[in-house]
Amino acid sequence: AADTLREWATFGCPTRTGRNWSKDEMWEAVERGLHRSASSPDAIEHFAAEIKEKIRTKQARVVAWDDIKDDPPPQLKVSPIAAIPHKSKAYRSILDLSFRLRLKNGGVLAAVNDTTVKSAPKGAIDQLGECLTRVIHAFAEADDDAKIFMAKWDIKDGFWRMDCREGEEWNFTYVLPQPAGSPTMLVVPTSLQMGWVESPPYFCTATETARDIATEYTDMPVGAIPAHKFSRYTVDGESYSDLQEDHDGRPFRTMIEVYVDDFMSLVIPISKAQLRHTADAVMTGIHDVFPANDEDDGDDPISEKKLKKLEGQYSTVKTLLGFDFDGINKTMWLE
């Protein structure tokens, strides 16, 4: 996985497809445009704000269709964008890369997902079904008098932090939703898209690698990892004050798990210093794979919004994978 990540750092994630579209097929796909959910005034406003932000972070660019329609890039594929209602914001943008366009000649244009040559590692995504089992097992084998502290961190806009290989971003193109009568503009994301069949295994390989790096940091002597800039969000949770400051050289137990973009840390510490060390190790490991934005904490890969909701605060009571875990009574509840 580490070798794969080094390749990505140089070339980006490959987006291999079976064949390129003809110019006529590209024209018909552009004419088809977007999903009807993306055409409402509210959705258009959402996309305008989103693409402005993606351009600022260099995760997408906008191209006028008139500028390239006579000589389009050979890998250009245009899929419909949809605006899906979301719990924490107005919409989530989903690119429908499984859409099969019915052509004017009666044929059907295969979707990007249908023609993708799958090359992403599968080992990491295979771990998803075992994550909850491992957490339960950790609780089951803990001593009755042990206090299990838990914290979690979320990767913000995870797939958008995985780059396409240069030139292959054209596979993820879509028509920008705009008011009627506006010139046709194409959005070309430079990052992996949620609707792509290969995005989950590529992303999970990156997060599993970050988990492995964080585990190595955790195994280092307490105090060997510099304090992380988000350390303040990890202390003072429930039962934190019960811990002593010094562990007198005694070892502690710890486990790090990751489920797609959610990093989870379980610790049976003796001291507050051990707990802070683990937090610094986890967040440093995450930033080794998903580099920090030291100029704007709000744009950091580790979601500061979730940290402010105390998700990263170590506590003996924490919601993990939808279950409320109690690290003192060793119970789990599903609301």
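This is a predicted model: local features need pLDDT of at least 70, side-chain atom pairs count only at pLDDT 80 or more; totals for chains, interfaces and linings use all residues.

Author: Start with the residues that touch. From α7 come Ala206, Thr209, Ala210, Ile213, Ala214, Tyr217 and Thr218. They meet His277, Thr278, Ala281, Val282, Thr284, Gly285, Ile286, Asp288 and Val289 of α8. By type, the residues of this contact divide into nine nonpolar, six polar and one charged.

Now the geometry. Helix α7 spans residues 199-218, and helix α8 spans residues 272-289. Their axes come within 8 Å. They cross at roughly 140°. Angles over 145 degrees would count as roughly antiparallel. The pair α7 and α8 is therefore oblique. The crossing of α7 over α8 is right-handed.

Next, the empty space. Rolling a probe the size of a water molecule over the atoms shows where such space is left. How many cavities of 30 Å³ or more does a search of the whole structure find? The search finds one. The volume of the largest cavity is about 70 Å³. Its lining has 14 residues. Closest to the centre of this cavity are Trp21, Val78, Ser79, Phe99 and Leu101. The lining of the largest cavity divides into nine nonpolar, two polar and three charged residues.

An open site comes last. The second largest pocket has a volume of about 230 Å³. Which residues line the second largest pocket? Asp143, Asp145, Ala146 and Lys147 are among them. Leu243, Pro251, Phe252 and Arg253 also line this pocket. So do Ile268, Pro269 and Ile270. The lining of the second largest pocket holds seven nonpolar residues and four charged ones, with no polar residue. Among the charged residues of that lining are Asp143, Asp145, Lys147 and Arg253.

Definitions and conventions: Residues are numbered from 1 along each chain as its sequence is written. Side-chain values use heavy atoms; hydrogens and water are left out. Axes are lines fitted to C-alpha atoms, for helices over the stretch in contact, and angles run from 0 to 180 degrees between N-to-C directions. Helices (H or I, at least four residues) and strands (E, at least two) are DSSP runs, numbered from the N terminus. Angles under 35 degrees count as roughly parallel, over 145 as roughly antiparallel, 65 to 115 as roughly perpendicular and the rest as oblique. A crossing is left-handed if the near helix is turned anticlockwise from the far one by less than a right angle, and right-handed if clockwise. Contact means heavy atoms within 4.5 Å. On a 1 Å grid over the protein atoms alone, a cavity is a set of points where a 1.4 Å probe fits but cannot get out, and a pocket is an open set with protein on both sides within 12 Å along at least five of seven lines; lining residues have an atom within 4 Å of a point. Grid points are joined across faces, edges and corners, and a volume is the space filled by probe spheres set on the points.
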